[in-house]
Amino acid sequence: MTGLVGHDAQARTMIAAARSGRMHHGWILAGPKGIGKSSFARALAQRLLADAAGPVVEGEGLAVPESHPVRRLIEATAHPDYAELSPIEKDGVTARNISVDQVRGLQRLIQSAPSLSPRRVVVIDSVDDLERGAANALLKSLEEPPADMIFLLVSHAPGRLLPTIRSRCRSLRFDPLDDAAMRSVLSANDAALSPQEMDALVRAGEGSPGQALRYAGLNLFEIEKALSELAARGDTGNGQRLALAKALALKSAKPRYEAFLERAPAFIAQAARTRHGLALGQALDHWEQARHLAGGAIILSLDPAAVAFELAGHVAALAPSS
């Protein structure tokens with residue numbers, strides 16, 4: 001857990017709360033998906049348990065030295081005072097939800113005395129994924145929390161949680177990363193990224209490294225370049241649209257085609273933000289049509305070439321002469 005980037009203020013807040021001796025037992029780590037909340041939760045759990053067991057880690061950040069025994073235990077999934085819940089993967093398929101049995105399995109940790117320090121930590125990634133029964137089971141633990149147990153609940157949509165869960169937790173808000181932090185994360189993932197590809201990934205990520213990394217290796221810059229050219233000059237002869245549709249329809253291009261399905265409507269939405277009056281209304285109409293088409297393309301098994309051609313047409317309609 002050494003690669004956490006950004007969210008320094010949140011780290012300081014949590015370290016200060018822990019040092020005060022009056023740290024609340026339940027925390028909702030809220031913010032957009034893919035901005036590092038899960039990594040933060042795991043790093044925070046490691047730091048809290050390391051400080052509680054000793055030796056205390058110096059500094060305001062969450063990094064724990066590799067030599068620290070607590071870090072070694074957590075990385076070996078052998079720390080007796082730590083638990084983490086997330087959807088279970090079986091036969092290569094990840095479950096959609098966290099089951100009630102998983103939450104009930106926390107009772108061993110909850111009912112037993114801490115082993116290495118006075119502190120126990122549970123990370124749930126994400127609490128949005130709890131089944132209804134699992135959410136109710138968690139609520140019971142939040143209503144009567146054991147001494148020195150801390151629940152870190154990662155949430156991408158806290159407004160959808162049970163009000164009773166929200167009322168028993170404090171909220172720690174996370175914002176999208178700035179461009180500098182985004183570049184740091186992306187460089188750590190792939191130091192060989194070209195400046196153009198880096199710029200394209202930063203734009204596509206919109207402050208979310210997780211979102212940007214979904215496009216890694218797909219030569220996103222070329223897709224963005226094609227969209228920009230269509231929006232700037234249109235395509236009266238349909239030649240550019242046909243070439244793009246043909247290229248994206250290849251079986252080998254399926255990942256790039258899926259990226260195009262996401263980026264074309266997003267590109268139109270970004271363009272709409274700079275427009276006013278009639279031009280804004282037209283851009284929003286094209287965005288709505290593009291979003292609807294792209295959203296059903298995979299589910300309805302629509303022809304990739306036809307979909308790519310039509311989506312490119314909506315982008316081309318943004319051109320001044322269109």
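This is a predicted model: local features need pLDDT of at least 70, side-chain atom pairs count only at pLDDT 80 or more; totals for chains, interfaces and linings use all residues.

Q: What share of the residues counts as buried?
A: Buried means under 20% relative accessible area, exposed means over 50%, and partly exposed is in between (1.4 Å probe, protein chains only). Of the 322 residues in this chain, 44% count as buried.

Q: Where does His314 sit, and what does His314 touch?
A: A contact means heavy atoms within 4.5 Å. His314 is found in helix 15 and is buried, at 7% relative accessible area. Leaving aside residues up to four places away in sequence, His314 touches Ile268, His286, Gln289 and Ala290. Across the chain, among contacts with a separation of 6 or more, 71% come from residues 24 or more positions apart.

Q: How many aromatic pairs are there?
A: Rings of Phe, Tyr and Trp (its six-membered ring) pair if their centres lie within 6.5 Å; planes under 30 degrees apart count as stacked, over 60 as edge-to-face and the rest as tilted. The count comes to one aromatic pair. Phe40 and Phe174 have ring centres 4.8 Å apart and planes at 75°, so the pair is edge-to-face. This pair links distant parts of the chain, 134 residues apart: Phe40 is in helix 2, and Phe174 is in the loop between strand 7 and helix 8. Phe40 is buried at 0% relative accessible area, and Phe174 is buried at 0% too.

Q: Which ring does the charged end of Arg214 sit over?
A: A charge sits over a ring if NZ of Lys or CZ of Arg is within 6 Å of the ring centre and within 35 degrees of the ring normal. For Arg214 the ring is that of Tyr215, with the charged end 5.4 Å from its centre. Arg241 lies over the face of Phe309, 3.7 Å from the ring centre.

Q: How many salt bridges are there?
A: Side chains of opposite charge can pair when their charged atoms come close. A salt bridge is a side-chain nitrogen of Lys or Arg within 4 Å of a carboxyl oxygen of Asp or Glu. The count comes to ten. One of them joins Arg71 and Glu75 (2.8 Å, N to O), both in helix 3 and four residues apart, about one turn of the helix. Arg71 is buried at 5% relative accessible area, whereas Glu75 is partly exposed at 47%.

Q: Which residue does Arg183 pair with in a salt bridge?
A: Arg183 pairs with Asp199, with the closest N and O atoms 2.8 Å apart. That pair links distant parts of the chain, with Arg183 in helix 8 and Asp199 in helix 9. As for networks, salt bridges link Arg42, Glu84 and Asp125.

Methods. Residues are numbered from 1 along each chain as its sequence is written. Side-chain values use heavy atoms; hydrogens and water are left out. Helices (H or I, at least four residues) and strands (E, at least two) are DSSP runs, numbered from the N terminus.
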